[in-house]
Amino acid sequence: MQTDSFFEDVQEKDIEHEDNGLFAFDCICLGGTFDHMHLGHRLLLTQAALVTKKKLFCGVTSDILLSKKVHSDLIEPFEKRKQSVIDFLNALNPHLEVNVFELCDPVGVAGTSTEAQACVLTREVEKGGVMINEAREKNGLGPLKMVYVDMVVVESEKEDQPKFSNKVSSTLVRKFLSEK
């Protein structure tokens, strides 16, 4: 298709076209700790909002499942983490139906939802995607499409490690807070 101008207006139908991945699914799911909301969380949630037309299920890991994490005493309470997710998603797209729930197991609603079409996750938890689709199969449901988001990395402070070797993580944030 030839255009008269490089700056031609983008048509709404082009944005919603499934080939480019934007707004490709009516309903998706994702999950995470969302402790000390950082750039990695924002990237994951932004990608989820960009591929979703109507509804997003987001599991926020329960406090009990996080009790053995490094510096668990610095983990924000569930309600605060949940509210951070809701606030961020509402700022991104106030028209998106957002259902944030307490994630008490690795599969959550993804294993039983008849609405969900895809799961947004990082390669770090790729095995979780396999577990979700195994649970769906046991429940007589079709598999979810997996949409992978790249992790955000930070520059290492150690000389013996290559730069940008550590991913941004809540554990890294808690480690920083513990050393203050």
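1. A residue is called buried when its relative accessible area is under 20%, exposed when that value is over 50%, and partly exposed in between, with a 1.4 Å probe and protein chains only. On this basis, 38% of the 180 residues of the chain count as buried. The chain exposes about 11,400 Å², of which carbon and sulfur atoms supply 53%; such areas come from the Shrake-Rupley method with a 1.4 Å probe, and for residues only the protein chains shown count as cover.

2. The model is predicted, so that local features need pLDDT of at least 70 and side-chain atom pairs count only at pLDDT 80 or more, while totals for chains, interfaces and linings use all residues. Residues are numbered from 1 along each chain as its sequence is written, and side-chain values use heavy atoms, with hydrogens and water left out.

3. The chain has five helices and seven strands, and, read along the sequence, these follow the pattern α-β-α-β-α-β-β-α-β-β-β-α. Helices (H or I, at least four residues) and strands (E, at least two) are DSSP runs, numbered from the N terminus. With contact meaning heavy atoms within 4.5 Å, residues 24 or more positions apart account for 71% of the contacts that have a separation of 6 or more.

4. A nonpolar core is a set of buried Ala, Val, Leu, Ile, Met, Phe, Trp, Tyr and Cys residues joined through side-chain atoms within 4.5 Å. The largest one has 24 residues, and Ile28, Leu30, Leu45, Val85 and Val120 touch the most other members. At least two residues of this core come from each of S1, H2, strand S2 (52-61), helix H3 (78-92) and strand S4 (118-121), and H2 provides the largest share, five residues.

5. Leaving aside neighbours within four places in sequence, Val120 is in contact with Ile28, Cys29, Leu30, Leu44, Gln47, Ala48, Val51, Val147 and Val149. There is also a second, separate core of 14 residues, which includes Ile132, Ala135, Leu144 and Met146.

6. Two backbone values deserve a look. Phenylalanine 23, although not a glycine, has a positive phi of about 50°; this residue is found in the loop between helix H1 (12-15) and strand S1 (25-32), and is partly exposed, with a relative accessible area of 21%. Histidine 36, also a residue other than glycine, has a positive phi near 50° and lies in the loop between S1 and helix H2 (39-51), where histidine 36 is buried, with a relative accessible area of 18%.
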